[in-house]
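Please walk me through this protein for someone who has not seen it before.

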Amino acid sequence: MNHQSIDDTGTNARNFGSISHFYDQVNGYEFSVLRYNGSTYVSPRSVPPQRVELKIGILAPFHQQNDNYTRELTLSGTSAVRMAAAEINTKELIPGAYITLIEKDSFPKEIKGQSAITEAVVATVSLVQEGVIGVIGDISSSWTALSALITSTLQIPQCSYTAVAASLSDRSQYGHFFRTSQTPQLSADAALSFVTSRGWPSIGMIYSNDDFGKQLSQYIIMKAKSQNVHIQTYQSFFDDNTPISQVTKEIDTFLSSGVRIVLVAAQGDAQITALTVAAHLGYMNQNHVWVIPSKLQDLNNAITNFNNILYRRHQGEQLNGANNVGEQDVSQKTLESNTTSTTQEWVAPLDYLAWTTTNTTPISYNDTFSGGVFSFRKGMDLSGYPPFDQFLEKWSHLDPSLYVFLLFLFHFVTKKNTSYINISHFFEISFFYCYYYINYYYRYPYGGTTHIGSHVG
């Protein structure tokens with residue numbers, strides 16, 4: 001999907017100059033888009049004399065084509081920033097100054113590994129050399145961590161509307177990093193506050209041995225200490241390099257230690273696997289409380305599928321006959337690396353455990369999960385908040401050829417599917433904050449320069 005003023009297809013190392021002019025009827029804003037030497041410059045077509053140029057960088061994977069979701073976030077976020085810049089420039093919200101956006105591709109080539117990291121770093125350095133006073137981006141947490149280290153070291157404010165890694169909250173490294181997206185720490189704070197309110201002095205924690213689990217568990221350990229909550233024991237599980245059957249052993253060992261209040265720092269397959277295995281082992285009972293500081297996945301469906309496999313085993317069906325997979329134990333990494341195999345069909349981790357467990361007694365969902373499981377998920381609905389409603393009203397009247405987000409929003413809503421609508425609302429809130437960040441923080445000069453206080457969320 002190409003858009004003449006948004007999609008920067010021609011912005012690569014071989015592009016030595018092209019300029020186009022556009023008119024935004026909603027804002028009454030005529031602007032120029034200059035593509036030069038791998039960068040895109042968006043600025044007012046005519047600038048009143050004696051106004052100072054303030055450069056703001058946008059760092060995003062504009063040429064990434066493999067993931068549509070990432071591309072939607074990239075183009076949608078870019079349109080939100082452009083809309084904010086248009087409003088600032090037309091209303092002259094920064095006295096004596098105007099904003100020029102400099103968009104730089106953090107993913108200019110289809111490369112991987114160290115070369116890709118190098119390109120991302122080069123893109124950030126390029127923006128710094130341009131003299132930007134702030135940076136918006138990047139999309140992924142890993143790429144954002146690279147650029148934010150550079151900008152924070154140089155005391156240049158940077159804001160991401162999608163990065164959620166817990167490590168980015170480290171003020172000692174990312175002292176000038178902001179973000180408008182909600183992070184898992186919010187749910188962890190709520191979960192620990194709940195534990196404290198119940199008067200439980202100690203808890204145990206089980207966490208998935210992936211980036212999400214390790215980062216969230218580190219945060220919980222730190223936060224629990226400050227709230228005088230003692231972590232009795234903790235255990236990792238769901239290691240990519242460990243055989244799947246180890247998951248049951250790890251969870252059983254952890255729960256056999258006598259822990260009664262269990263906090264689960266995991267999401268997706270890891271979370272579902274932990275809860276289902278614990279239920280099958282008999283640890284979902286009146287003696288245990290389970291606290292989940294993240295969105296609870298479709299547990300009912302997982303238990304139903306688990307029981308169906310047990311039923312098929314009672315009917316004499318075996319793993320080989322059902323899935324063409326040898327009964328040897330395999331690691332999660334092996335399962336994932338063979339998902340595209342044409343000669344074998346690999347089962348999901350929880351399915352594999354259902355096929356290989358020695359206990360074939362089904363789980364009664366209603367009896368097992370009738371109480372004792374508390375889930376905390378982050379969420380926000382800004383409908384009714386005047387600035388947010390005004391933002392949406394204005395956005396809905398913009399030209400889709402200039403502000404590509406509208407096309408994605410209309411696509412989501414017309415699907416009339418809850419998951420699509422939730423995603424679109426997530427976009428609305430994240431980009432509203434991004435818009436607000438640009439529209440507010442760059443309006444106040446301090447000591448002759450634009451001043452932004454550091455904040456990490």
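Phe194, Trp200, Phe374 and Phe376 make up one aromatic cluster in this predicted model. Across the whole structure, a search finds seven aromatic pairs. One of them joins Phe194 and Trp200, whose ring centres are 5.7 Å apart with 80 degrees between the planes, an edge-to-face arrangement. Phe194 is also paired with Phe374: here the centres lie 4.8 Å apart and the planes meet at 40 degrees, so this pair is tilted. Phe194 belongs to helix α4 (residues 184-197) and Phe374 to strand β13 (residues 373-375), so their pairing ties together parts that are 180 residues apart in sequence.

Phe194 has a relative accessibility of 17% and counts as buried because the cut-off for buried is under 20%. Trp200, at 22%, counts as partly exposed, and Phe374, at 32%, is also partly exposed.

The next topic is the sheet. Eight strands form an open sheet in the order β1-β2-β3-β5-β4-β6-β7-β8, and their pairing is mixed. The edges are taken by β1 (18-24) and β8 (177-179); each has a single partner strand, so one side of each is left without a neighbour in the sheet. From one strand to the next, the twist averages 20 degrees.

Within this order, β2 and β3 are antiparallel and are paired over six bridges. Together they form a hairpin with two residues between them, and Asn37 in the turn has a positive phi of about 50 degrees. Phe31 has Pro44 in β3 as its bridge partner. Strand β3 (residues 39-44) is mostly covered, with six of its six residues buried. β3 also pairs with strand β5 (residues 97-105), again in the antiparallel sense, over four bridges. There, Thr40 has Glu103 in β5 as its bridge partner.

Leaving aside residues up to four places away in sequence, Ser32 touches Ile19, Ser20, His21, Tyr41, Val42, Ser43, Pro44 and Arg45.

Further along the sheet, strands β6 (residues 134-137) and β7 (residues 158-160) run parallel and are joined by two bridges. Opposite Ile136 stands Cys159 in β7. Helix α3 (residues 141-153) lies across β4 (52-60), β6, β7 and β8, and runs at about 160 degrees to β7.

Last comes the confidence of the prediction. The mean pLDDT of the protein is 78, and 75% of its residues reach 70 or more. Over residues 1-14, pLDDT stays under 50, and the model has 44 contacts beyond four places in sequence for them. Where pLDDT is low, the predicted coordinates should not be read in detail.

Methods
Residues are numbered from 1 along each chain as its sequence is written. This is a predicted model: local features need pLDDT of at least 70, side-chain atom pairs count only at pLDDT 80 or more; totals for chains, interfaces and linings use all residues. Side-chain values use heavy atoms; hydrogens and water are left out. pLDDT is the predictor's confidence in each residue, from 0 to 100. Contact means heavy atoms within 4.5 Å. Two strands pair if DSSP finds at least two bridges between them. Axes are lines fitted to C-alpha atoms, for helices over the stretch in contact, and angles run from 0 to 180 degrees between N-to-C directions. Rings of Phe, Tyr and Trp (its six-membered ring) pair if their centres lie within 6.5 Å; planes under 30 degrees apart count as stacked, over 60 as edge-to-face and the rest as tilted. Buried means under 20% relative accessible area, exposed over 50%, partly exposed in between (1.4 Å probe, protein chains only).
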